[in-house]
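Please keep the model in view while reading.

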Amino acid sequence: MSAQASGEKKEFWRWKEYNWKSDEIDWRKGKIITAGVDVGSVSSQAVIVVDDELYAFSNQRTGSNSPGSAGKAMMWALEGTGMTMDDLHYAIATGYGRVNVPFTDRAITEIACHGRGANYMYGGTVRTVLDMGGQDCKAIHTDARGKVTRFLMNDKCAAGTGRGMEVFADLLGVSIEEVGDMSLEVEKEPPPVSSTCVVFAKSEATSLLRSGWDKEMVLAAYCSAMAHRIVSLLERIGVEKDFAITGGIAKNRGITRRLEKELGLEILDTRYDTQIAGALGAALFGQALVKKGKGRKKSLA
Amino acid sequence: MKANYGYRDGSGDYFIEIDTDLCDGCADCVAACPASIFEVGEDENDPLSDDEVASVKADGRKSLEYDCGPCKPVRDRPELPCVASCKPGAISHSW
């Protein structure tokens, strides 16, 4: 009997969905409260910022209903805070689904938001930000205040992104949270798979498995192909220190270690969840816009 | 800000670069591009600025491979219409 028929089908691509709030901040004493919602292709986050400090956030999967996911993420971030939508002075949407979020006042591109978010998460020394999301990859240069000075985006393709990693986790039956570490457990680095295209790489991986490669080797070959692809993207824009990665792939040490090796520099570490960078940046822009008197809060019917 | 919009095809990665610090928002490129890929408006990657600048339209970013391809001949390459039309010299390309 197949695993599915016995009801034991495991979803290896699933990562932890959760929410968080600060115990140190009393939002009722805050002057400016803003929210940022990042509706991505794979995940959605909502972040609440009180007087330029991160107060609460939620991180979950984007379902097939993108406006619904935005609302759910927002409600989840508000959960347990005693705050309601009416307490927000400004809400900004970003990410793929940004134009389709009914309760926000404005949409800002994820390029601007990731630059600003990375500046908060990693500090003002960050000059190069690589946003590796579920479905594409963007290289961004920022100044000391997090303003974008140069960016590069390519046409959309899931090659070498989070979604591709999820497909691989599922193919090999390894949890998405373990694929990175597992790919480092090889004695000798195998040659990278010849294409990062998820469809091609998947069939190549299948034939490698059939020829006797173990899971670790196949994962190493895929991670290394992804790292190569990112390096070729970064070469075009140039990597200035300090270098930081945002988005879900930043949690995959199989990619980050290989990138560090190829680029010959260290990638900054952060205590924050790298997936919230976009929503955090959006909320921080909200703060700046309210201070500029640009807060034009929609009446919340 | 140097904004790079690009695509990848069988022969490599290609990018159109718009230097928004040089762009004066005149919209000459909008008229010049045979595939109409440009638009002029608020700089959506710099939300705190009020200047209007040129950018590649949101719905054109996924089809650059097909829109820009015809302006990329193999030889006897004339100057691209967008680059030629830009008086401040804000547009450049990588091929």
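Contact here means that heavy atoms lie within 4.5 Å of one another. The model is a predicted one. Leaving aside neighbours within four places in sequence, A:S175 is in contact with A:F12 and A:A169. A residue counts as buried when its relative accessible area is under 20%. A:S175, with a relative accessible area of 19%, is therefore buried.

The account now turns to the sheet. Seven strands form an open sheet with mixed pairing, in the order β10(A)-β7(A)-β8(A)-β9(A)-β1(B)-β2(B)-β5(B). At its edges stand β10 (243–246) of chain A and β5 (91–93) of chain B; each has a single partner strand, so one side of each is left without a neighbour in the sheet. From one strand to the next, the twist averages 15 degrees.

Where do the two chains meet in this strand order? Strand β9 (residues 148–153) of chain A pairs with strand β1 (residues 2–9) of chain B in the parallel sense, over 4 bridges. Along this pairing, A:R150 stands opposite B:K2, and A:M153 stands opposite B:Y5.

Within chain A, β9(A) also pairs with β8(A); these strands run antiparallel and are joined by 5 bridges. Here A:T142 has A:V148 of β9(A) as its bridge partner. The hairpin of β8(A) and β9(A) has 5 residues between the strands, and A:G146 in this hairpin takes a positive phi near 90 degrees.

Helix α6 (residues 215–237) of chain A lies across strands of both chains: β7 (128–132), β8 (137–142), β9 and β10 of chain A, together with β1 and β2 (12–19) of chain B. The helix runs at about 135 degrees to β9(A).

The largest nonpolar core has 47 residues, of which A:V47, A:F151, B:F38 and B:I91 touch the most other members. Domain 1 (18–118 + 276–291) and domain 2 (127–267) of chain A both give residues to this core, so the core lies between them. Apart from it lies another core, of 43 residues, among them A:V193, A:A201, A:L208 and A:A221.

A:F151 has contacts in both chains. Not counting residues up to four places away in sequence, A:F151 touches A:I111, A:A139, A:I140 and A:I237, as well as B:M1, B:K2, B:A3, B:N4, B:Y5 and B:N45.

Note on methods: Residues are numbered from 1 along each chain as its sequence is written. Chains are lettered from A and ligands numbered from 1 in the order in which they are written. This is a predicted model: local features need pLDDT of at least 70, side-chain atom pairs count only at pLDDT 80 or more; totals for chains, interfaces and linings use all residues. Side-chain values use heavy atoms; hydrogens and water are left out. Two strands pair if DSSP finds at least two bridges between them. Axes are lines fitted to C-alpha atoms, for helices over the stretch in contact, and angles run from 0 to 180 degrees between N-to-C directions. A nonpolar core is a set of buried Ala, Val, Leu, Ile, Met, Phe, Trp, Tyr and Cys residues joined through side-chain atoms within 4.5 Å. Buried means under 20% relative accessible area, exposed over 50%, partly exposed in between (1.4 Å probe, protein chains only). Domain bounds come from an automatic or database domain assignment.
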